[in-house]
Amino acid sequence: VRTQIASLILSTKWVQAHYPGDNYPEEEEITLESRTLPLNEAMALLPSPVHLPQNVVLEQEVSVTEWSPGNFHIFLRGQTQQGVRFRITIRGDPDPNGGEIIFPDSAEEIFLDADHPAALIRGGWNYDTKVWDDAYGSVRIKWVLDNLLYTLGGNIDDLEALLEVARSTLP
């Protein structure tokens, strides 16, 4: 698992000033449609058991996107008992070669516990200015558990609460 997280960080595509990813010719654009399903039905689409966060309130209707045949991503929102809001994506394809576009020095390896490494990513892509923005106020935590990729996101000011949410998924 540690190798998978390290690969997620190392396979990141670094972006300096601009990202050319939104200037595809019109005929090459691909639209992925999402559908809404009850949480239990959405979880059944994934190839491994899903470990949901504990002691939180989760939406029971979730968004599901099929990125390729049989490759489902589940997107849901939740809230801690203290009122911290978060979003979580669960993917059935933790491809370490998939990568993600982030700015240098915005990602670091952390540990949810002694056996579960994770990637902590600060900031986000600003689609209006077309630059990575560390002041964006967002943070994401990514980890692999039972061959599923979990991405938990929220506000950087709530990082400790988000880490507790991520830890609550561990067996």
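Trp143 sits in strand S12, which covers residues 138–145; strands here are DSSP runs (E) of at least two residues and helices (H or I) of at least four, numbered from the N terminus. The model is a predicted one, where local features need pLDDT of at least 70, side-chain atom pairs count only at pLDDT 80 or more, and totals for chains, interfaces and linings use all residues. Residues are numbered from 1 along each chain as its sequence is written, and side-chain values use heavy atoms, leaving out hydrogens and water.

With a relative accessible area of 0%, Trp143 is buried (under 20% relative accessible area, with exposed over 50% and partly exposed in between; 1.4 Å probe, protein chains only). The side chain of Trp143 still makes a polar contact, at 3.4 Å, with that of Thr169; such a contact is a pair of N or O atoms within 3.5 Å, one able to donate a hydrogen and the other to accept it, and residues adjacent in sequence count only if both atoms are side-chain atoms.

Trp143 also turns up in the largest nonpolar core, a set of 34 residues, among those with the most contacts inside it, as does Leu76. A core of this kind joins buried Ala, Val, Leu, Ile, Met, Phe, Trp, Tyr and Cys residues through side-chain atoms within 4.5 Å. Beyond its neighbours within four places in sequence, Leu76 touches residues including Leu39, Phe86 and Ile90 (contact: heavy atoms within 4.5 Å).

As for the whole protein, its secondary structure comes to three helices and 13 strands. Of its 171 residues, 41% are buried.
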